[in-house]
Amino acid sequence: MAPNAEYIYLASFLLSSENITKAYNSIALRYAEWTRPSHPIRIQYLNRLLEYLLSSSHEKSVLELGCGSGDPCTVRLASIPGLKVTANDISSVQLALAAQHLTSKDVSLVEGDMMNLSFEGHSMDAVVAMYSIIHIPREEQLALLVRIHKWLKPGGWFLGNFGSGDGSTGSFDDCWFDGMEGVMFWSGWGEEGTREMLTAIGFELILCEVVTDIEDKGGETQEVPFLWVLGRKPEN
């Protein structure tokens, strides 16, 4: 049965990027503190990327999608000589926090929906997206990953994480972290679907593994698995 007009209108409203913006602006400080337990995992995978990325000494361009407060990954990238970093986030409050954490002049902070970003083809040496692509609908995830592949130079790298499990067309929360504005949204293709999607786009999967985050939810801990991927765009 086709969804009725009321359902389609509601889904369209909830999926709007303005709602994600409002939600993250509302909870930015709490979210930055809440994510601290995941910092070691983020840095672990970022360092795996850097092992490959820094194997040659020429200047490199790195794009981070959903940089949040900039802590810890943007700060880590900015500390490395020879990296020109573009850090994007949909939340102005999160970017203001990132600006406070950063001192490097080689970091460009870009506010806006990642789906509206545009870069020259073959212009990036690496693209990093941690806990960010999961906030857009599945069809947009595919479209964005195709663009990322085009933005990367031959031999360039993509590091990101995705929802694991069987995948989800979407789930909503209009009071995540007791946020007073906006609506939070998540979706994903699941482990197998994400692998297939990235391979079909043209990525060579160097690393693809599930790691479980331990998250605090209302004073109780819960296990949330994420699929971490390090992919490479072939040289030819």
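Modeller: Arg 232 lies in strand S9, where strands (E, at least two residues) and helices (H or I, at least four) are DSSP runs numbered from the N terminus. This is a predicted model, in which local features need pLDDT of at least 70 and side-chain atom pairs count only at pLDDT 80 or more, while totals for chains, interfaces and linings use all residues. Residues are numbered from 1 along each chain as its sequence is written, and side-chain values use heavy atoms, with hydrogens and water left out.

Arg 232 counts as buried because its relative accessible area is 19%, and buried means under 20% with a 1.4 Å probe and protein chains only. Its side chain makes a polar contact of 3.0 Å with the side chain of Glu 235, that is, a pair of N or O atoms within 3.5 Å, one able to donate a hydrogen and the other to accept it. Leaving aside residues up to four places away in sequence, Arg 232 touches Gly 155, Gly 156, Trp 157, Gly 202, Phe 203, Glu 204 and Ile 206, contact being heavy atoms within 4.5 Å.

Turning to the spaces, the largest pocket has a volume of about 970 Å³. On a 1 Å grid over the protein atoms alone, a pocket is an open set of points with protein on both sides within 12 Å along at least five of seven lines, a cavity is a set where a 1.4 Å probe fits but cannot get out, and lining residues have an atom within 4 Å of a point. Of the 38 residues lining the largest pocket, Trp 34, Trp 176, Trp 186, Glu 215 and Gln 222 are the closest to its centre. Strand S9 (220–232) is among the elements that give two or more residues to this lining, as are helix H2 (17–34) and strand S8 (204–217), and S8 gives the most, with 6 residues.

The second largest pocket holds about 470 Å³ of space, and among its 34 lining residues Tyr 24, Gly 66, Met 114, Ser 132 and His 135 lie nearest its centre. Here H2 gives the most to the lining, with 5 residues.

The structure also holds 1 cavity of 30 Å³ or more, and the largest cavity has a volume of about 50 Å³. Its lining includes Ala 23, Ile 27, Trp 176 and Met 184.

How values were computed. Grid points are joined across faces, edges and corners, and a volume is the space filled by probe spheres set on the points. Buried means under 20% relative accessible area, exposed over 50%, partly exposed in between (1.4 Å probe, protein chains only).
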